[in-house]
Amino acid sequence: MTGIKPVTDKPKIPAIELKNILFYYQRSGWQLSLPELTLLPGQHLFIKGASGSGKTTLLNLLAGILSPRQGEIKLNGAPFSSVSAAKRDNLRARYIGVVFQQLNLISYLSVLDNVLLSAHFADSNKQTSEQRARLLLQRLGLEPELLEQQAAALSVGQQQRVAIARALLTEPALLIADEPTSALDADNRDSFMQILLEQANACGTTVIFVSHDPGLRRYFDKQLDMQHLAKGVQPC
Amino acid sequence: MLIKLARQSLWNRRGTAIMTLFSLTISLVLLFGIDHLRKEARQSFTSTISGTDLIVGARSGQLNLLLYSVFRIGNATANVNWATYQRISKHPQISWTIPLALGDSHRGYRVLGTNKDYFVHYRYANQQTLRFSEGQPFEGVYETVLGAEVAKKLGYKLGDQITLAHGVGAVSFSEHKDKPFTVTGILAATGTPLDQTVHVSLEGIEAIHIDWQQGAPVPGRKLSAEQALKQDLTPKAITAFMVGLESRMATFVVQRQINEFKGEALSAILPGVALAELWQMLAMVENLLLLITLLVLVAGLVGMMTTLLASMKERQREMAVLRAVGAHPWYLFVLIQLEVLLLTIFALLAAAITLVATLWALQDTLASHYGLFITINPFSLQSLYWAAAVLMVSALLACIPAFTAYRRALNDGLAIRL
């Protein structure tokens, strides 16, 4: 699968753009630096990294929960890391979707309400959001009768697909996936990857996918190895 | 959505939530119940007597005299001679007197021997006089006027006949069966111990004891009701009497004169002063009770915070998910606060319902056993203040788990520590 290349002369606005990022923890002295990373809409990135490699910190930076000590992150061409934390929360609600390793859903809410959570924080229209949520869940292969069930009643594979629906409900510019396949078996993993990228492409969403599983590398056109980030290695 | 989240989150943890609710409800019932009881008891006590300037009885402490003459609690130590009573009531400063003769009962209700002045001069609450709901004051020797409660509880109507028993127990072994009394009047409810009193004339009291000596029937000397009427029924002694003065200015002078009365050892008390002393004594107990109740409430609230704080660990996942979809840390803070508020409001409602139900169930027992007349509605403007204070304290305490959620949201971000 290849990323969408710009077809016109006019350069496309990058979905996310990182420049001269430096982040460190004062106490431990641990640091992370990333001189440059630009992802155009529809371009997908594979980040290879084991736990403890600073993966979570990078994801927190990308999601706007942490803000870098130096450098700037732009989301959709607009300042992201330099604005207030509350503003970043709003921008995250509107332009970034997140899928975790597992237990993505709030167990006591229904499947539909879980998906609609992102619309609630993005202040989207309720009715159109619900229509879109039903459509997305259908496309992700979840039967309509599951929608009113409590999220905890679903299988892990189903839960991960509901998480994709939630992440893509607001047609975000960016989808951050943190080892979403680690709890799935091989068959489920491949169908999950296909369905994720298919739906992301349909929304024009850029996917940043973190995993330590090199077998998933083939789905992506760009790769970043966490191990080199401390030395400031550029993505290939 | 926020409310839905709070509600469903609570429902998800309903086991602990219900237990928390339960302990909170108990402490709130205690708080409101004791506060209500305290106010009602004071109201009920102070409204029992009004407009009486002095109460006179055999020499004793003023509380003892007040308790047996007004509240029908306890017994007199000695009696007042009829002649003494006659002499004092002619005092130029004294406008009226009400004689009181106690010592008999009817099925647990105390019998009060008095005269018709009682229905004219006795005042309760705000200078209210006694009213008859049915009938009129007693005229003859064997006639009686019942308090509202007595008539209602025992189902007596005008014209019914009742027998009096010697002593004040609920069950008596020596009854004045030979001399029944006819009900001629029933008083309207007053909310005072008067409602539980059976009123008869002093002559009636004398008549039923005419063939008695030293508190027991004299063997072989039996007089029928008609025969007794022919005897001299002037009482030999009374238990106490109430005094109304011409001018309140004279209160202390008359009180001193009675206290220094040469013929007999008497005590004259000011009902207002005695009531105040009674309350002072009870105030300490009352405040202690309120303090304990408040501490129970605090324990309940702290318990709620502890369970919430403990649940924060298992809810990290929930918080991380909410953060990921764009919730501000403040949103999580408000979410926890809202859960606490929901719990507290539910507890307040549950407490209100429990309290009304309990009062409704206990009202009769309290009235008949303790002379406490409690209204069922325990809510006043002050209970609204209490409720507001409880809500505020719980919101304040909720800041602890809420702030934990807030801080975790900032520190942990999307990382979930399992």
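Welcome! In chain A of this predicted model, the cover over the buried residues of helix H6 includes helix H4 (126-139), helix H5 (156-168), strand E7 (174-178) and strand E8 (206-211). Local features need pLDDT of at least 70 and side-chain atom pairs count only at pLDDT 80 or more, while totals for chains, interfaces and linings use all residues. Residues are numbered from 1 along each chain as its sequence is written, with chains lettered from A and ligands numbered from 1 in the order in which they are written.

**Helix H6 of chain A**
- H6(A) runs over residues 186-203; helices (H or I, at least four residues) and strands (E, at least two) are DSSP runs numbered from the N terminus.
- Buried residues (20 or more other C-beta atoms within 10 Å of their own, C-beta atoms being placed from the backbone; exposed means 12 or fewer, partly exposed in between) of H6(A) include Phe192(A), Met193(A) and Leu196(A).
- The buried residues of H6(A) fall within an arc of 150° seen down its axis, so they line one face of the helix; the arc is that of the directions from the helix axis to the C-beta atoms.
- On the face turned away from that buried side sit the exposed Asp187(A), Gln194(A), Glu198(A) and Ala202(A).
- Just after H6(A), Gly204(A) has a positive phi of about 70°.

**A sheet in chain A**
- Four strands make an open antiparallel sheet in the order E2-E1-E4-E5 (chain A), where pairing takes at least two DSSP bridges between two strands.
- Its edge strands, E2 (31-39) and E5 (78-79) of chain A, each pair on one side only.
- Lys74(A) stands opposite Pro79(A) in E5(A).

Note on methods: The expected span of a helix is 1.5 Å times one less than its number of residues. Two residues are in contact if their C-beta atoms, placed from the backbone, lie within 7 Å.
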